[in-house]
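Please walk me through this structure, one part at a time. I am new to it and would like a plain account.

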Amino acid sequence: MKTRLTLAVLLLLTLLVTACQPQGAPVPQDPLEAVKTIADKQNEVKTQHIDLNMALNLKVDGLTGDMAQAEAFLKNFKANLNVSGDVDTAKEDFALKGDLDLGPLTALVTQGEDKLSFEAVKVGEKIYGKTNVGDTAGEWTEQDAPKATTDPNKQSENPLSPEMIMSLLKQSSKAEKLADEKIGDVDTYHYKVTLNPEALIDSIVDLAKSSGAEGTVDQAQVDQAKQYLKDAVLEVELWAGKQDLLIRQTKVHFNLNLKDVPEMEGATALIDFALTNTATKINEPVTITAPK
């Protein structure tokens, strides 16, 4: 009897401890279905702070024609972009600043500066920009912005819409569950998905059609792009918070090794692109105002 009572007490204590611990949001066991669930969940993101880095490595050889002179710059070209700031997806507003390093091309573009720095702010129907180069260096410029997408049926046309971005993840051809990790102070599920480059091209074409640029889509060029991208590697890693499934970090890796550059017989190109975006302050209040 005492043994049974002891076991019952231990079981009760275990249940109480478990009940008091924070429980993670459920995800399907199948990694591909889990990624789709996480992608759908991103519709709940209304505001966030982003810290984004993009790195491009390009190696070319055997360029001919008009591109032959560019080979000195593109032989082993590297570029790096950093962007950070607040994004209000609900209003389609943002306040971002960043810098761009184009390696040996930087000095030519910036007229001697080490990097091209910039700021961009969108508030309502206006976009404001400022850079450290050109005739208006250090000055804010203003131009009209595309009107906000208020029609729920057209939210996917908005480049800032999580639905637009996450729809690509839902077309994953393969997904795998990786070890859970912490991003900042958030416990996350960690997945890696493999995207089909051809599906990506189709998504870009669909976007062009939805934005009224259908007439600019050349199907022959689309088919050629699919042919050259068929061996490309396109992988996305994502870290989603266990409590809410909102993405805290994304890493995109694209690699393409062209043995024969189009219209340049014998020319080769190796393209390696990596993007890392970390999201914080998700759905916290943000104030985005026009620069004075």
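This is a predicted model: local features need pLDDT of at least 70, side-chain atom pairs count only at pLDDT 80 or more; totals for chains, interfaces and linings use all residues.

**Strands, cores and charged pairs**

Strand S5 and strand S6 (residues 141-144) run antiparallel and are joined by four bridges. Within this pairing, Ile127 has Gln143 in S6 as its bridge partner.

Strand S4 (residues 116-123) and S5 (residues 126-131) are antiparallel, with six bridges between them.

Lys126 and Glu142 form a salt bridge, at 3.5 Å from N to O. Because Lys126 belongs to strand S5 and Glu142 to strand S6, the pair ties together parts that are 16 residues apart in sequence. Lys126 has a relative accessibility of 28%, so it counts as partly exposed. A network of salt bridges links Lys126, Glu142 and Asp144.

A further set of strands involves S1, S2 and S3. Strand S1 (residues 47-61) pairs with strand S2 (residues 77-88) in the antiparallel sense, over twelve bridges. S2 in turn pairs with strand S3 (residues 93-101), also in the antiparallel sense, over nine bridges. S2 and S3 form a hairpin with four residues between them. In the turn of this hairpin, Glu92 has a positive phi of about 65°.

Which residues touch the most other members of the largest nonpolar core? They are Val35, Ile38, Leu169, Tyr191 and Leu238, in a core of 36 residues. Several elements give two or more residues to this core: helix H2 (31-41), S1, S2, strand S8 (186-194), helix H6 (197-210), helix H7 (219-229), strand S9 (233-241) and S10. Another core, of eight residues, lies apart from the largest one, and its members include Leu52, Val87, Phe94 and Leu275.

The count of salt bridges comes to twelve. Besides the one between Lys126 and Glu142, there is one between the side chains of Glu44 and Lys41, at 3.0 Å from N to O. Glu44 is partly exposed, at 41% relative accessibility. Lys41 is partly exposed too, with a relative accessible area of 27%. Another salt bridge joins the side chains of Lys182 and Asp187, at 3.1 Å from N to O. For Asp187 the relative accessible area is 41%, so this residue is partly exposed.

Is Arg248 buried or exposed? With a relative accessible area of 14%, Arg248 is buried, because the limit for a buried residue is under 20%. Arg248 lies in strand S10 (residues 247-258). Its side chain makes a polar contact with the side chain of Asp244, at 2.9 Å. Setting aside neighbours within four places in sequence, Arg248 is in contact with Ile183, Val186, Thr188, Trp239, Gly241, Asn277, Thr278, Ala279 and Ile282.

Leu245 is not a glycine, yet it has a positive phi of about 65°. The place of Leu245 is the loop between S9 and S10. Leu245 is buried, with a relative accessible area of 4%. Asn283, likewise a residue other than glycine, has a positive phi near 60°. Asn283 lies in the segment after strand S11 (268-280). In contrast to the buried Leu245, Asn283 is partly exposed, with a relative accessible area of 37%.

Terms used:
Residues are numbered from 1 along each chain as its sequence is written. Side-chain values use heavy atoms; hydrogens and water are left out. Buried means under 20% relative accessible area, exposed over 50%, partly exposed in between (1.4 Å probe, protein chains only). A polar contact is a pair of N or O atoms within 3.5 Å; within protein, one must be able to donate a hydrogen and the other to accept it, and residues adjacent in sequence count only if both atoms are side-chain atoms. Contact means heavy atoms within 4.5 Å. Two strands pair if DSSP finds at least two bridges between them. A nonpolar core is a set of buried Ala, Val, Leu, Ile, Met, Phe, Trp, Tyr and Cys residues joined through side-chain atoms within 4.5 Å. A salt bridge is a side-chain nitrogen of Lys or Arg within 4 Å of a carboxyl oxygen of Asp or Glu.
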